[in-house]
Amino acid sequence: MKINFFLFFCIFFLSSNVQSYEISKVVIQNKNSSSISITAEVMTTESQQARGMMYRKYLDKDKGMLFLFKEPKRAVFWMKNTYIPLDLIFIKKGGIIDSIHENLEPLSTKKIKSRNDVIAVLEILGGQVKVNKINLDSKILF
């Protein structure tokens, strides 16, 4: 009986700590008609958003993380416990880019802020904004 209880507890504990995220395809359209497709984990809850990319050691160049907010807000991020350099794209309503921050320093506690109220933030591997020529004229579709 004790063994069954112990096994049940272990399975319950382990399964409750496994994170399950919604996946979304995000398309970035550049003004020159080129587009980039990113497979993004969608972060909607406060706990998901607080953790973000923390503790990850690797990110494919075609992968990312999309933070969706319930209401438009001034977004503030940092790189604490984040080991991968990231590019952050702050997104306003209609997929319009508010601001872009490139190659953020891993483990930094410097605050990275949107210029205005945004509805989402897309995190991608550092350097991909430059490689893919993403700029303020690009548009984000998700």
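Visitor: Why is the pairing of D62 with K63 called a salt bridge?

Guide: A salt bridge is a side-chain nitrogen of Lys or Arg within 4 Å of a carboxyl oxygen of Asp or Glu. The closest N and O atoms of D62 and K63 are 3.7 Å apart, so the pair falls within the 4 Å limit. This is a predicted model, in which local features need pLDDT of at least 70 and side-chain atom pairs count only at pLDDT 80 or more, while totals for chains, interfaces and linings use all residues. Residues are numbered from 1 along each chain as its sequence is written, and side-chain values use heavy atoms, with hydrogens and water left out.

Visitor: What makes D62 partly exposed?

Guide: Buried means under 20% relative accessible area, exposed means over 50%, and partly exposed is in between, using a 1.4 Å probe and protein chains only. D62 has 36% relative accessibility, so it counts as partly exposed. K63, at 31%, also counts as partly exposed.

Visitor: How many salt bridges does the rule give?

Guide: The count comes to 2. R56 forms one with E41, where the closest N and O atoms are 2.7 Å apart. R56 lies in the loop between α2 and β3 and E41 in strand β2 (residues 35–43), so the pair ties together parts that are 15 residues apart in sequence. Helices (H or I, at least four residues) and strands (E, at least two) are DSSP runs, numbered from the N terminus.

Visitor: Why is E41 called buried?

Guide: The relative accessible area of E41 is 18%, which is why the under 20% rule makes it buried. R56, at 23%, is partly exposed.

Visitor: What makes K57 exposed?

Guide: K57 has 66% relative accessibility, so it counts as exposed. K57 is found in the loop between α2 (46–51) and β3 (63–77). Leaving aside neighbours within four places in sequence, K57 is in contact (heavy atoms within 4.5 Å) with Y83 and I84. K57 and Y83 are 26 residues apart in sequence, yet their C-alpha atoms are 5.8 Å apart in space.

Visitor: What makes a group of residues a nonpolar core?

Guide: Such a core is a set of buried Ala, Val, Leu, Ile, Met, Phe, Trp, Tyr and Cys residues joined through side-chain atoms within 4.5 Å. Here the largest one has 19 residues, and F77, L88, F90 and V121 have the most contacts inside it. β3, β4 (86–91) and β6 (112–125) each supply at least two residues of this core, with the largest share, 5 residues, coming from β3. A second, separate core of 15 residues includes I91, I97, I124 and V129.

Visitor: How do you know how confident the predictor is?

Guide: pLDDT gives the predictor's confidence in each residue, from 0 to 100. The protein averages 89, and 86% of the residues score at least 70. Over residues 4–18, pLDDT stays under 50, and the model has 0 contacts beyond four places in sequence for them.
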